[in-house]
Amino acid sequence: MLSLFGAGAVLMRGAGCTINDMWDRDFDRKNHTEPLGLEGTSRDLQCNSLAMAGLPGAGYAGMRPGLTFNWGALLGWSAIKGSCDWSVCLPLYLSGVMWTLVYDTIYAHQDKKDDIMIGVKSTALQFKEDTKQWLSGFSLAMLLSLCVAGMNCNQTFPYYSAVAAVGAHLAHQIYTLDIDKPEDCWKKFASNRTVGILLFTGIVLGNLWKQKDLKNAEEPLENR
């Protein structure tokens, strides 16, 4: 099931980024940039790694990917359990949306000059110098949602340890971010792969811990 959803994430994000490049091809031609070039491909691969980590990613660029790419939180639970437990799935989905807003806003600061030229709205242009405050708010909402989801499905110590580590990583990421340096924005954006790895590891280890606790609880009953 994990490999199936991983393949779906690659295909969906690959299609999304390709369509985005098709829409931007006239601007790319004028500015001598290459559609589906290394940077675009790297972003696609980064989005895929985030999705495969388990939570996963105009009005504004960042919002629509957040609302669409994170449907995996609902589909994955339904595929395994047969239905949605909304007390778990909705907080998990919300955490994914908030996370997407964090890393996509950081990414958008690389392109803000081009966005102004072609009239594209983005969270980077909307938040401007208040970006770090907004990112902090999104990160807090993400962490709280992860905690609510964990409590509602009886998650264990490894999961909450991973959430705490993610919080520390995001705090450092936002504190050290320089929104006026595209290379630093790319570095911070790419570092979100660490967030995905931490969460994925925490979910796997948390579930293994949960199974061990259930087994230990059942053994005394069997011995009666």
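Trainee: Which residue forms a salt bridge with Asp184?

Mentor: Lys188 does, and the closest N and O atoms of the pair are 2.7 Å apart. Keep in mind that we're looking at a predicted model.

Trainee: Where do Asp184 and Lys188 lie?

Mentor: Both are in helix α11, 4 residues apart, which is about one turn of the helix.

Trainee: Buried or exposed, that Asp184?

Mentor: Asp184 counts as buried because its relative accessibility is 14%, and the cut-off for buried is under 20%. Lys188 is buried as well, with a relative accessible area of 9%.

Trainee: Is Asp180 buried or exposed?

Mentor: Asp180 is exposed, at 52% relative accessible area.

Trainee: OK, zooming out. How many helices and strands does the chain have?

Mentor: There are 12 helices and 0 strands. Of the 224 residues, 40% count as buried.

Trainee: Let's go inside. How many residues are in the largest nonpolar core?

Mentor: It has 33 residues, and the ones with the most contacts inside it are Ile106, Met142, Leu146, Val166, Val195 and Leu199. Helices α5, α6, α9, α10, α11 and α12 each supply at least two residues of this core.

Trainee: Which helix gives the most to this core?

Mentor: That's α6, with 12 residues.

Trainee: You listed Val166. What does Val166 touch, not counting residues up to four places away in sequence?

Mentor: Val166 touches Met142, Leu143, Val195, Leu198 and Leu199.

Trainee: Back to α6, where Thr105 lies. Why does Thr105 count as buried?

Mentor: Its relative accessibility is 0%, so Thr105 counts as buried.

Trainee: Which side chain does a polar contact join to that of Thr105?

Mentor: The side chain of Thr123, at 2.7 Å. Leaving out residues up to four places away in sequence, Thr105 touches Thr100, Thr123, Ala124, Phe127, Thr131 and Leu135.

Trainee: Changing topic: which residues form the nonpolar patch on the surface with Phe200?

Mentor: Val204, Leu205 and Leu208. Together with Phe200 they have about 320 Å² of accessible area.

Trainee: Where is Phe200 found?

Mentor: Phe200 is in helix α12, which covers residues 192-222. It counts as partly exposed because its relative accessibility is 31%.

Trainee: Last one, Met151. Is Met151 buried or exposed?

Mentor: Met151 counts as exposed, at 54% relative accessibility. You'll find Met151 in helix α9.

Trainee: How many residues apart in sequence are Met151 and Ser87?

Mentor: They are 64 residues apart in sequence, and 9.5 Å apart in space, C-alpha to C-alpha.

Conventions
Residues are numbered from 1 along each chain as its sequence is written. This is a predicted model: local features need pLDDT of at least 70, side-chain atom pairs count only at pLDDT 80 or more; totals for chains, interfaces and linings use all residues. Side-chain values use heavy atoms; hydrogens and water are left out. Patches are made of residues with over 30% relative accessible area and no salt bridge: like charges are joined within 9 Å, nonpolar side chains (Val, Leu, Ile, Met, Phe, Trp, Tyr) within 5 Å. Accessible areas come from the Shrake-Rupley method with a 1.4 Å probe; for residues, only the protein chains shown count as cover. A salt bridge is a side-chain nitrogen of Lys or Arg within 4 Å of a carboxyl oxygen of Asp or Glu. Buried means under 20% relative accessible area, exposed over 50%, partly exposed in between (1.4 Å probe, protein chains only). A nonpolar core is a set of buried Ala, Val, Leu, Ile, Met, Phe, Trp, Tyr and Cys residues joined through side-chain atoms within 4.5 Å. Contact means heavy atoms within 4.5 Å. A polar contact is a pair of N or O atoms within 3.5 Å; within protein, one must be able to donate a hydrogen and the other to accept it, and residues adjacent in sequence count only if both atoms are side-chain atoms.
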